[in-house]
Amino acid sequence: MEYYFLALLAFLALIAVFDIFVGVSNDAVNFLNSALGCRIASFKTIMLVASIGVMLGATFSSGMMEIARSGVFNPQMFTFSEIMVIFFAVMVTDIILLDLFNSLGLPTSTTVSIVFELLGSALAAAAYTLLMDGASLANVIDYINSSKSLTIVSGILISVAVAFVTGAVVQYITRLIFTFNFEKMYRRVGGVFAGIALTAIFYFLVMKGAKGASFMQPEWILFMNENTWPIVGTLFVVLSVVFHLLIIVFNVNIFKIVILAGTFSLAFAFAGNDLVNFVGVPLAAWDSYQEWVASGAAAEAFTMEGLLKPTVAATGFLLFSGLVMVLTLWFSKKAQIVIQTSINLSSSNSGEQEQFGSSLPGRMIVRASMGLGQVIHQIIPISVQKGIDRRFEPKKLQRGETPLPFDYVRASINLVVSAALIASATSLQLPLSTTYVTFMVAMGSSFADGAWDRETAVYRISGVLTVISGWFLTALSASTMAAIVCGFTLWGGPIAALILAVGSTVLLIRSNLRTKLDTVNMRADLDTRYDAKKVQELVDQKADASFEKTLTVFNQLVHEFLNDNESALRRVKTSSSDLFDEMSADRGLYYRMANSSFKPTKDDFDARYCYYRIFTNIREIGRSLQSLSKQATDHVANRHRIFQGDLKNDLLSLVGYLDKIATGSDKKLDIHAILTHSHEAIELIDHMQAELLRKIPNAGLSVRGSELYLNFLVFARELVNRCAIAAALENRLATIVAQPSSK
């Protein structure tokens, strides 16, 4: 039996490394998005600063390890064998669940997942024990540390409101002082601002978090506690004077120091608070194993009161964990996807937030907020309103200047406020959700900055609601899945554990090593030279590919409809929606072209206009296909009659004909090929429309069926016409590139 538990320990150690990788991929957004979004420094510099913060912060996480040992359940109620199964179920569930959310590019909370996994697996183990003993399930509450669990969960929920309000208030006051044209006020109060920021960082990270450090001596902690305010006051005065001199005398950009220090502090606070989510369970399992071996008792009889004793994790192990976190930062592609999601939602720019779409709750909140704003507008005196409005006038960009997701002021507030809140929770040994805090602080600061205008507010709010719903979905999924895994392992013993261990390992390998992801290059330069040649390259890459995907989906739609296959049609409907989103994103690139800092010539403008018209036509094809797929799916779902006989054969022939005429000389789909045959294709479609009127009596078609058949033909006509237009525009673009004007 000892070998079984050793095998579980080995698996937990291995899975802990993967858990750090997956968890940091999810949470890298928490401390990288602000510095990357304002582009205060190079990508490598920001990553290096964050890496140092993570390494040092890991050594301050020792005090948080108690959460995994006794924060959610009462360990004295469980035997050693049950505790090991609980920990095993938590790690198996955690790694699969977080990897799933990361693959979807959706930020979630590692704290929520680990807390509810511990809760779900502990409840399952308690219920299994009570059922085996013939006891009442009402006693299951005795196995749970109800007061501490409630404190943790309520703390996570309250942090949402606290983080949003704090971020909004601090950003509003700061913006009122600095304005968007902060260069003037920066020379006057920049030193004081930087002094406050770095003093706050030192206070919350070092002084408040000192007792959680594995290397901190008791006398050091006592000295800081007895001299808190003298230390803080002296530090503030000295830093303010030094920074003011740096601004006035040496013209140093203090914002760079503040933002990089904030990045360091937030990475530091993240590692100190969140490392327990990744390695707390394996460490608790190792301590449990040592307690059991020392006792010499049977695993099924030895209870785990030992987990109630305070413990200090080894500094070497914490540093190793920090090293794994750092390597993940540098090499995880999934981390870059999640970073882009958060930057888009908190960005000051429009045009990027629509990835989440709009929702009814989002529209209701926007409508109610606008009504409240009108009431407040009537109460505040006009003179005060004008004064405030002048302080919040957006900065006018110079010609060719590229707008950033957010400026130095907001990036500083995002980092410092988030770090302060997280470090405060760490000092209280409260596993706050770093994702909750940083995300909601960013939302609050963007709200205070007026970034939630009428063009973007509904998308931002819908995005926030989507992410928050994902967090609550995490809680439900984590507790349910952990309970199932724990129950199955207790019932099946070593064989069940082996199946789950092998299965989860296979899923990890397939997900992380074989899946090719369309990752976002965070080092991409927005100053791309969108000249005529670059535009032509983009058209060559995207236009034919979009057309080929459209024909493929249309082909699938026709065949699955005629096969009366509802489930397959729903998949086609999803594919058509995804294709339309992709086409919309391709068309939306014209907006980035217009905002690039590259100064275009007349030919470049003409090329961009061709791009806009080409992808407008392609997107409209996608819109029509999306509508047609919905109609066809509803037709089958309502069990209406499917086309038979000549109508069926004619529709299949049309699809085959479109595939045939769209194939170029190189056997690849090409919109230029369909331009060549567009006239005869339209004649064929006209003939089929006329023939439908003649065949209706014999085919027994209803009005609904006739309309759907005509819609198939209308889509085919639109496909041919719009592809022909796009091909003609491509020819015009080629002429512009080949024969540039003299101007």
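Helices (H or I, at least four residues) and strands (E, at least two) were taken as DSSP runs, numbered from the N terminus. The structure is a predicted model, in which local features need pLDDT of at least 70 and side-chain atom pairs count only at pLDDT 80 or more, whereas totals for chains, interfaces and linings use all residues. Residues are numbered from 1 along each chain as its sequence is written, and side-chain values use heavy atoms, with hydrogens and water left out.

On this basis the protein contains 26 helices and zero strands. Of its 743 residues, 53% are buried, a term that denotes under 20% relative accessible area (1.4 Å probe, protein chains only). Helix α12, spanning residues 315-331, comprises 17 residues and extends 25 Å from its first C-alpha to its last, close to the 24 Å expected at 1.5 Å a residue, the expected span being 1.5 Å times one less than the number of residues. Buried positions in α12 include Leu-318, Ser-321, Gly-322 and Met-325.

A search of the whole structure finds seven cavities of 30 Å³ or more, where a cavity is a set of points on a 1 Å grid over the protein atoms alone at which a 1.4 Å probe fits but cannot get out, and lining residues have an atom within 4 Å of a point. The largest cavity holds about 70 Å³ of space, a volume being the space filled by probe spheres set on the points, which are joined across faces, edges and corners. Its lining consists of 10 residues, of which Leu-205, Phe-268, Ala-269, Ala-423 and Thr-426 lie nearest its centre. Helices α8 (183-207), α11 (254-295) and α16 (408-427) each contribute at least two residues to the lining of the largest cavity, and the largest share, three residues, comes from α11.

Definitions and conventions:
Buried < 20%, exposed > 50% of the residue type's maximum accessible area, 1.4 Å probe, protein only. 1 Å grid on protein atoms, 1.4 Å probe; cavity = no way out; pocket = protein on both sides within 12 Å on 5 of 7 lines; lining within 4 Å.
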